[in-house]
Amino acid sequence: MVLPDEKLRELVLREKLVSEKDLADALLFAKNTQVPLADCLITKGFLTDDKLGAFTAEYLGIPFIVLSQVTIPEDAARLIPEKVARRKKAFAFAREAGQVKVAMADPRDSVFLSMVARKAGGRATAYYATEK
């Protein structure tokens with residue numbers, strides 16, 4: 001998970017998405033079942049996948065994108081081969097003015113982003129996207 005549990009705890013409390021007691025219960029459940037805290041909070045209905053994505057993007061200091069809410073041009077979609085896109089959990093979703101926008105489950109992968117930029121012949125900008 002890109003967003004550490006400690007930071008997630010801080011954010012859900014700051015946004016008042018969960019009470020301290022419910023968070024303590026979720027932390028205990030996550031620890032006992034060896035499930036990530038984020039998954040536990042989503043399963044229990046305290047957090048949505050989109051909200052988790054927004055928190056993660058905020059933590060990383062980059063934009064968040066929900067791919068199901070954008071129209072993706074074919075030339076962008078074909079930029080990253082499907083096998084690579086699945087392995088890297090990355091998808092180019094826009095190309096404009098010498099720049100390609102890439103949705104990534106782990107936007108910290110600067111080597112991959114540089115490779116996409118070279119292939120596109122311009123600059124590549126990382127956006128955080130959840131795996132769902």
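Mentor: A pocket is defined on a 1 Å grid over the protein atoms alone, as an open set of points with protein on both sides within 12 Å along at least five of seven lines, and its lining residues have an atom within 4 Å of a point. Of the 23 residues that line the largest pocket, the closest to its centre are Leu67, Phe91, Ala129, Thr130 and Glu131.

This is a predicted model, in which local features need pLDDT of at least 70 and side-chain atom pairs count only at pLDDT 80 or more, while totals for chains, interfaces and linings use all residues. Residues are numbered from 1 along each chain as its sequence is written, and side-chain values use heavy atoms, with hydrogens and water left out.

Trainee: Why is Thr56 called buried?

Mentor: Buried means under 20% relative accessible area, exposed over 50%, and partly exposed in between (1.4 Å probe, protein chains only). The relative accessible area of Thr56 is 0%, so Thr56 is buried.

Trainee: What is Thr56 in contact with, leaving aside its neighbours within four places in sequence?

Mentor: Contact means heavy atoms within 4.5 Å. On that rule, and with those neighbours left aside, Thr56 is in contact with Val2, Leu3 and Tyr128.

Trainee: Why does Arg123 count as exposed?

Mentor: Its relative accessibility is 53%, and therefore Arg123 counts as exposed. Beyond its neighbours within four places in sequence, Arg123 is in contact with Gly98, Gln99, Val100 and Ala117.

Trainee: What makes Glu131 and Lys89 a salt bridge?

Mentor: A salt bridge is a side-chain nitrogen of Lys or Arg within 4 Å of a carboxyl oxygen of Asp or Glu. The closest N and O atoms of Glu131 and Lys89 are 3.1 Å apart, and the two form a salt bridge. Glu131 lies in the segment after strand 3 and Lys89 in the loop between helix 6 and strand 1, so the pair ties together parts that are 42 residues apart in sequence. Strands (E, at least two residues) and helices (H or I, at least four) are DSSP runs, numbered from the N terminus.

Trainee: How many salt bridges does this rule give?

Mentor: The count comes to 11 salt bridges. Among them is the pair of Asp106 and Arg108, with the closest N and O atoms 2.8 Å apart.

Key:
1 Å grid on protein atoms, 1.4 Å probe; cavity = no way out; pocket = protein on both sides within 12 Å on 5 of 7 lines; lining within 4 Å.
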